[in-house]
Amino acid sequence: MCSSDLIGLPLETKELMNDTIELNRRIHKEMPDVQLNCYVCQPYHGTRLRDFCEKENLLRKMEPNTVLGDPVLKNPHVSDEVIMEYRDNFHEMVTGTIRK
């Protein structure tokens, strides 16, 4: 089993990111062997998400690369640093343990 989560969505708040952590804590409590994955949202061309981001002027000049890359969205509620901290420390935030 695996839990794959996106953070850094357009207009996402830190509270919503914390809700994602809490949901995964509940999943992990019931299924401690679940693999936890966290990725940064990347609005690819040809998607409704990309259209929304363009309409709302939320895209930076750089193009999306991979879900492991840096944020390409301008989020008025959460800084890039916080988004990357959540991505990089997702497992620890959910389980309270350091990943091996």
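Where in the chain is the place of Asn-57? Asn-57 sits in the loop between α2 (48–55) and α3 (80–88). We will come back to this residue. Keep in mind that the model is predicted.

Start with the overall layout. The protein chain has four helices and two strands. Follow the sequence and the pattern reads β-α-β-α-α-α. The chain has 100 residues, and 38% of them count as buried.

Now look at the contacts. Glu-22 belongs to helix α1. Its relative accessibility is 34%, so Glu-22 counts as partly exposed.

Next come the cysteines. How many disulfides does the structure hold? The count is zero. Cys-53, for one, is in no disulfide. Its nearest cysteine sulfur belongs to Cys-41 and is 6.4 Å away. Is Cys-53 buried or exposed? Cys-53 is buried, because its relative accessible area is 0%. Cys-38 is another cysteine to find. Its relative accessibility is 9%, so Cys-38 counts as buried too. The cut-off behind both labels is under 20% relative accessible area.

Turn to the backbone. Most residues other than glycine have a negative phi. Two residues here are worth checking against that rule. Leu-11 has a phi near 65°, a positive value, and it is not a glycine. Where is Leu-11 placed? Leu-11 lies in the loop between β1 (2–7) and α1 (14–30). Its relative accessible area is 41%, so Leu-11 is partly exposed.

The second residue is Asn-57, from the opening question. Asn-57 also has a positive phi, about 55°, although it is not a glycine. Its loop joins the stretch between α2 (48–55) and α3 (80–88). Asn-57 is exposed, because its relative accessible area is 54%. The label exposed calls for a value over 50%.

Conventions: Residues numbered from 1 in each chain as written. Predicted model: local features only at pLDDT ≥ 70, side-chain atom pairs only at ≥ 80, totals over all residues. Heavy atoms only, no water. Buried < 20%, exposed > 50% of the residue type's maximum accessible area, 1.4 Å probe, protein only. Disulfide = S-S within 2.5 Å.
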